[in-house]
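Here are my notes on this one, in numbered points. Have the model open while you read.

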Amino acid sequence: DSASDPGYLHLNSYDGTPPATDCDSNDERGRMIWNYTDDELFICDYYDSGGGGGGGGWKYEVMQIVEP
């Protein structure tokens, strides 16, 4: 099972855009999830300096297959 092989990072997966409520606090910044339906890697980039009205949220990159 490649998910348990040493040296590999295993990400949770989801079949769509992750909920905005999963990326709406500083404690959630840096979390990642793989959208296996659309080949997108989502990274939470939320930031609130303490005055409310934080910003950011999910950012994503569409992934491409790399041929060896």
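1. A term to start with: buried means under 20% relative accessible area, exposed means over 50%, and partly exposed is in between (1.4 Å probe, protein chains only). On that scale glutamate 40 is buried, at a relative accessible area of 12%.

2. Before going further, the ground rules. This is a predicted model, where local features need pLDDT of at least 70 and side-chain atom pairs count only at pLDDT 80 or more, while totals for chains, interfaces and linings use all residues. Residues are numbered from 1 along each chain as its sequence is written, and side-chain values use heavy atoms, with hydrogens and water left out.

3. Back to glutamate 40: where does its place fall? Glutamate 40 is in strand β3 (strands are DSSP runs of E, at least two residues, and helices are runs of H or I, at least four, numbered from the N terminus). Leaving aside residues up to four places away in sequence, glutamate 40 touches Ile33, Trp34, Asn35, Tyr60, Glu61 and Val62; contact here is heavy atoms within 4.5 Å. Lysine 59 is 19 residues away along the chain, and its C-alpha is separated from that of glutamate 40 by 9.7 Å.

4. Now the strand pairing, which requires that DSSP finds at least two bridges between two strands. β2 and β3 run antiparallel and are joined by four bridges, with methionine 32 having isoleucine 43 in β3 as its bridge partner. Four residues sit between the strands of this hairpin, and aspartate 39 takes a positive phi near 55° there.

5. On to β1, which pairs with β2 in the parallel sense over two bridges. Serine 13 is found opposite tryptophan 34 of β2.

6. Cysteine 23 lies in the loop between β1 (13-14) and β2 (32-35), and cysteine 44 in strand β3 (residues 40-44), so the pair ties together parts that are 21 residues apart in sequence. Cysteine 23 is buried at 4% relative accessible area, and cysteine 44 counts as buried at 2%.
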